[in-house]
Protein chains: 2
Amino acid sequence: MITAHDVEAAAGRLAGVIVRTPLLQNDELDRIAGGRVWLKPEMLQSIGSFKIRGAYNLCSGGVVAWSSGNHAQGVALAGRLLGIPATIVMPADAPAAKRSNTLRLGGDVVTYDRFREDREAIARAIAGDRGAAIVPSFEHPHIIAGQGTVGLEIAEQSLVLNDPPDRVLIPCGGGGLASGSVLALADRLPGVEVLTVEPEHYDDTARSLQSGERVRLSSPPASICDALLTDAPGRMTLGILRDHGVRGLAVTEAEVRRAVRFAFSRLKLVVEPGGAVALAAVLAGKAGTGGKTTAVVLSGGNVDPDRFASIQAELT
Amino acid sequence: MITAHDVEAAAGRLAGVIVRTPLLQNDELDRIAGGRVWLKPEMLQSIGSFKIRGAYNLCSGGVVAWSSGNHAQGVALAGRLLGIPATIVMPADAPAAKRSNTLRLGGDVVTYDRFREDREAIARAIAGDRGAAIVPSFEHPHIIAGQGTVGLEIAEQSLVLNDPPDRVLIPCGGGGLASGSVLALADRLPGVEVLTVEPEHYDDTARSLQSGERVRLSSPPASICDALLTDAPGRMTLGILRDHGVRGLAVTEAEVRRAVRFAFSRLKLVVEPGGAVALAAVLAGKAGTGGKTTAVVLSGGNVDPDRFASIQAELT
């Protein structure tokens, strides 16, 4: 419920942004009215009316998202670049690096219990309270188009290098990156084959693509690939993947760990487990790379030092 | 439907905002794969993953509103202040000054035929296409709270002047300004009486407050008060007004014209017809001002010169 407190909060946001119009008085008007009349002349606002008060108060309400970590940082940085406040609902057990980076980017982090609470309901309540807009992590045309710029760059850059890929392997959670990328890739590189890669037990996209139906997983076991733990693809993202004949691969935890180690020791790149699944498919010989050119997306590197160290320790 | 074109548009928005990560190659990886492998290392983005691409693309999608004019300018200015694009759906016959001011503030104006087209449907289609957020003109908690800062200022300023109003008269269209203001006024000035003022034939709020039901007008005649031509109050705004015992007044076109002339000749203020209805109620003796202190909101001054001239010409 909206109260006088909300109006005071709005006044705080508007301070320094709009004119505080004066109270005016006029003797003739007082005489006609037979009493004192205070006039509040809102036409003196720069736009000639009071309407900037509400519009600014709503538009400056910012954005709200829910995310285990990488989307959280994306939304926090987008908010900072655009000068709008960003609130992110994160699980209490999200990787510490992802949480601290989100805070460092100026995001307002609200934590919840992943096993007991509904992050979407929490985000929607915050959106209502603050007049903030919800930024979904994959199921939105502009999210899909934005993530798809990865695929567009792969097409453009590989054409400049005169060695375009026959296949492109893309890590897949909800499918925003994969569906956006396949749109651009199919446009620029006709005949290119795109494959999604998921952790085993979290292969909802691969199963959905195979069965033709949107598969929802029930109670999959824990996984180190925290960035990819969706239980079902989006309707929009799955539709795009299906329309472009995308197939899905899955890799084991051991294969993922090997890829994280390979990236560290050979490529000198820090890759988080979820970001290494496509590389894992190549290293495991699951990607049909022989005699072909393959492009592999390494989608992120936000991994806590202790987890990274324990994966590297397996080398010995 | 989302296409490769949307991805290219996203790439345009992202140019200069994010890193264009390179395509990397590694001999050992090529050897293991038995072919060429291009790596797209998205952990090299400043946030350590690709997620800024979608988040920025969505958040920079801006806002969209529909308005006959004053809210249009409010949204355009809020967008400019916040650095986000603003699209406003305006009737083709909106006052020229309101339209040109909206364009001057950087708003993207889309016009529609008021008698044949549905402005809300047009705005929702644009919001879908551009990933923009809709900014309603009154029925939203943050719009109400923002407009209510007018009431908050009246309370604060009149207390400093040691002459707080017994009554406050507020021009009323959808009720955002009135409902927000009464929240702050009732909190700061217990016992204050708040009255909405509407043009005759557009007294949907007055009738709704009197009957206790939300009244919707059918085919009211034309009015010079273009800023106040709503056919029903909002559910949220009406609820607030009712809960605070607000009553509604109505004024005739002749009374409004007289108030516009009075503001010009005596107050040296340019008031548009819709912004002058509360002053009109005082001048017409409808506001019970005798022996009391009354605060009057003059809500806007955006009137076309020819209309203003024709109203002033009636003096002679």
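Hello everyone. Let me start with a network of salt bridges, which links A:E8, A:R20, B:E156, B:D187 and B:R188. Please keep in mind throughout that this is a predicted model.

Let's step back to the two chains. How can chain A be laid on chain B? It takes a turn of 180 degrees and a shift of 0.0 Å along the axis, and the RMSD is then 0.2 Å. That is the relation of a two-fold axis. The same surface serves both copies, as 98% of the contact residues of chain A recur in chain B.

Now back to the salt bridges. How many are there over all chains? The count comes to 44. I'll walk you through a few of them.

One of them joins the side chains of B:R266 and A:E28, with 2.6 Å from N to O. This pair crosses between chains: B:R266 sits in helix 12 of chain B, residues 253-267, and A:E28 sits in helix 2 of chain A, residues 27-33.

Next, please find A:E193 and A:R167, whose side chains meet in a salt bridge at 2.8 Å, N to O. Here the pair links distant parts of the chain, 26 residues apart. A:E193 belongs to strand 7 of chain A, residues 193-199, while A:R167 belongs to strand 6 of chain A, residues 167-171. A:E193 is partly exposed, with a relative accessible area of 26%. A:R167 counts as buried because its relative accessibility is 11%, and buried means under 20%.

Another salt bridge is formed by the side chains of A:D231 and A:R216, at 3.2 Å from N to O. Where do we find them? Both A:D231 and A:R216 lie in the loop between helix 10 (204-211) and helix 11 (235-243) of chain A, 15 residues apart. A:D231 has 35% relative accessibility and counts as partly exposed. For A:R216 the value is 54%, so this residue counts as exposed.

Let's turn to helix packing. Two packed helices are described by the angle between their axes and the distance between the axes.

In chain B, look at helix 8, residues 149-160, and helix 9, residues 176-188. They pack at an angle of about 35 degrees, with their axes 6 Å apart. From helix 8 of chain B, the residues in this contact are B:V150, B:G151, B:L152, B:I154, B:A155, B:E156 and B:L159. They meet B:L177, B:S181, B:A184, B:L185 and B:R188 in helix 9 of chain B. By class, this contact has 8 nonpolar, 2 polar and 2 charged residues.

My last stop is helix 4, residues 70-82, and helix 5, residues 96-104, both of chain B. Their axes come within 9 Å and cross at roughly 10 degrees. That makes helix 4 of chain B roughly parallel to helix 5 of chain B, since angles under 35 degrees count as roughly parallel. Which residues meet here? Helix 4 of chain B brings B:N70, B:A72, B:Q73, B:A76 and B:R80, and helix 5 of chain B brings B:K98, B:N101, B:T102 and B:R104. This contact divides into 2 nonpolar, 4 polar and 3 charged residues.

Key:
Residues numbered from 1 in each chain as written. Chains lettered and ligands numbered in written order. Predicted model: local features only at pLDDT ≥ 70, side-chain atom pairs only at ≥ 80, totals over all residues. Heavy atoms only, no water. Axes fitted to C-alpha atoms, helices over the stretch in contact; angles between N-to-C directions. Helix = DSSP H or I, 4+ residues; strand = E, 2+ residues; numbered from the N terminus. Parallel < 35°, antiparallel > 145°, perpendicular 65-115°, else oblique. Contact = heavy atoms within 4.5 Å. Nonpolar A, V, L, I, M, F, W, Y, C, P; charged D, E, K, R; others polar. Salt bridge = Lys/Arg side-chain N within 4 Å of Asp/Glu carboxyl O. Buried < 20%, exposed > 50% of the residue type's maximum accessible area, 1.4 Å probe, protein only. Least-squares fit on C-alpha atoms with pLDDT ≥ 70 in both.
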